[in-house]
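I would ask you to keep the sequence and the structure in view while I speak.

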Amino acid sequence: MRLQFLLSVILLFCNSVLFSQTNLSNPSKSDFSGTLSILASDWMEGRGATQKGGVMASEYIASMMELYQLVPYSVKSGYFQNFRIREHTVKKTSFEIIKENRERFVLSPENDFQVTPIAQSLQKEAPIVFAGYGLSLTKEGYDDYKNQNVKGKIVIVLKGFPGHQDSTSATYQKFKKLFPEENNLEEIKLQTAINKNAIALIIINENGDYKPKNAKENEIFHSLENPTTTSIPIFKLSKSAAEKLFSGSGISLESFEKDSTKKIKSSSTLLKKTKINFTINLESETFPVRNVIGMIRGKDTTKTIIVGAHYDHLGIINDTIYNGADDNASGVSGMLALAKNWSESKIKPPCNILFTSWTAEEMGLLGSQYFIQNFDLEKQKILLAINMDMISRSAPEDKTHRVLSIGTQEGSDSLKEIVTFSNSKLSKPFTLDLWETNGHTGSDYASFAAKGIPVMTYFSGFHDDYHSMRDVASKVDLDKIKDVLFIVNTSLLRFIANMP
């Protein structure tokens, strides 16, 4: 059966002399189930990037790569790509609203606001622009920043998107298709504000269910030791704090939310006679971390395909282990299973295949960012970056457990055709949710997409155990992983077969 599968690929995709005398099997459950159980065990202590569990996980992954006879990525450090990240703790922060009549409101970090800082201490005073939902979608004819220069200003936006409070409205349906991953919407608003040259972003939840949290983990921010990307701080305000900010402005957030449900209307306005003064004082500490990378050398070593998944999770928080079975022991065990079968096949692909396990994804995609920042794209071309993140569970609304989300960049019609074909070869195909990654930064695919590299990112859905202590190995769906890996492997074969 394996040979027939390969022959069908050969006949269908023309130029595949490469595979004519080889046998490449798709991963079976035994190829990844044991690895997943070990990575998600208490022994790995939740694989926190800067904790002992992260080190143990990296050692284990490297040992598996050695067992599978992958070529170490580095002559000096073997399978490890070592680097350092910085952990910044907010020691003191302040937020003051200043009205033109010199009336001042000093907000409390315990009750009124919460801050996500950047990698340096700051003190700023600036005017404020209300920019609706903080979205700039020129192709859709919607721009909350239209006719508004926010350079050097602080931008205030509402949580969610137009119509998000009424799932039956046409407005909701339109924007839900654009933003299927609501968890990623905040990052999109942040990046938009950065691109517009704002100096800070304020996010308000008009319905008032936001409450500042005092947990230590909410006061910590991570960065590369020498970051090259630009960011700005994010403040989240309570409803009472927002009311103080908008007092005297003539803007009703409640009316704005209701109107957005009825009519798609972007909006931005300067809050006249109002400024904000904020300070953020940080204390920083540096930690060594490492990606784990093995390779199968190809005939043309100037070209590379990446098959990757992040291995870090939340680690130990308040003496509780967050095992991260789905997020993302599932993706790493799948990556290693593919590496095993490719290595055993003795295929020499037309280009290098890097099997990569990223660290510090949970801290802002830092492992994949470091990799791509230090990869010489002029000497080596990355043809495709495959990413697997959470491939073993299903969203609550997926009653059949057969929905699979696959993201590619805008204009990647050939990649969509490849995954659609691969899915059709399953005895029980998935219902595919094909989406475009442009503007999204939900996982490590974003580090490559930002450089214009084609991506395929696989994800099986958010569930109620996401980022909780309940994400354990006993709850994963091994059959689902097996079928996802079938699509990944079949797609990889087809992509290679169609290479020039």
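This is a predicted model: local features need pLDDT of at least 70, side-chain atom pairs count only at pLDDT 80 or more; totals for chains, interfaces and linings use all residues.

Let us begin with the strands. Strand β17 covers residues 381-388 and is mostly covered, with 7 of its 8 residues buried. Which strands pair with β17? One partner is strand β13, residues 300-310, which pairs with β17 in the parallel sense over 6 bridges. Within that pairing, Thr304 stands opposite Ile382 of β17. Another partner is strand β20, residues 455-459, also in the parallel sense, over 4 bridges. Here Met388 has Tyr458 in β20 as its bridge partner.

Strand β13 also leads us to β16. The strands β13 and β16 run parallel and are joined by 8 bridges; Asp300, for example, has Cys351 in β16 as its bridge partner. How do strand β12 and β16 run, parallel or antiparallel? Strand β12, residues 269-296, runs antiparallel to β16, and 5 bridges join the two. In this pairing, Val292 has Ser357 in β16 as its bridge partner. As a point of background, side chains in a regular strand alternate between the two faces of the sheet.

I now turn to the interior. In soluble globular proteins, nonpolar side chains tend to be buried together. In this model, the largest nonpolar core has 62 residues, and among those with the most contacts inside it are Ile305, Trp342, Met388 and Tyr458. Which element gives the largest share of this core? That element is α12, which contributes 10 residues. A second, separate core holds 41 residues, including Phe179, Ala200, Ile204 and Leu245.

Leaving aside neighbours within four places in sequence, Met388 is in contact with several residues, among them Val307, Asn328, Leu338, Tyr458 and Leu485.

Next, consider Phe495, which is found in helix α12, residues 478-497. Why does Phe495 count as buried? The reason is that its relative accessible area is 15%, and buried means under 20%. Beyond its neighbours within four places in sequence, Phe495 is in contact with Ile305, Leu383, Leu384, Leu415 and Ile418. Take Leu383 from that list: Phe495 and Leu383 are 112 residues apart in sequence, and their C-alpha atoms are 9.7 Å apart in space.

Finally, some remarks on the backbone. Most residues other than glycine have a negative phi, and most peptide bonds are trans. Asn328 is found in helix α8, residues 325-345, and it is one of the residues in contact with Met388.

Two residues call for attention through phi. Asn147 is not a glycine, yet its phi is positive, near 60 degrees. Asn147 is found in the loop between β7 and β8, and it counts as exposed because its relative accessibility is 74%, where exposed means over 50%. His401, likewise not a glycine, has a positive phi of about 60 degrees. His401 lies in the loop between β17 and β18. At 41% relative accessibility, His401 counts as partly exposed, since that value falls between the 20% and 50% limits.

Thank you for your attention.

Conventions
Residues are numbered from 1 along each chain as its sequence is written. Side-chain values use heavy atoms; hydrogens and water are left out. Buried means under 20% relative accessible area, exposed over 50%, partly exposed in between (1.4 Å probe, protein chains only). Contact means heavy atoms within 4.5 Å. A nonpolar core is a set of buried Ala, Val, Leu, Ile, Met, Phe, Trp, Tyr and Cys residues joined through side-chain atoms within 4.5 Å. Two strands pair if DSSP finds at least two bridges between them.
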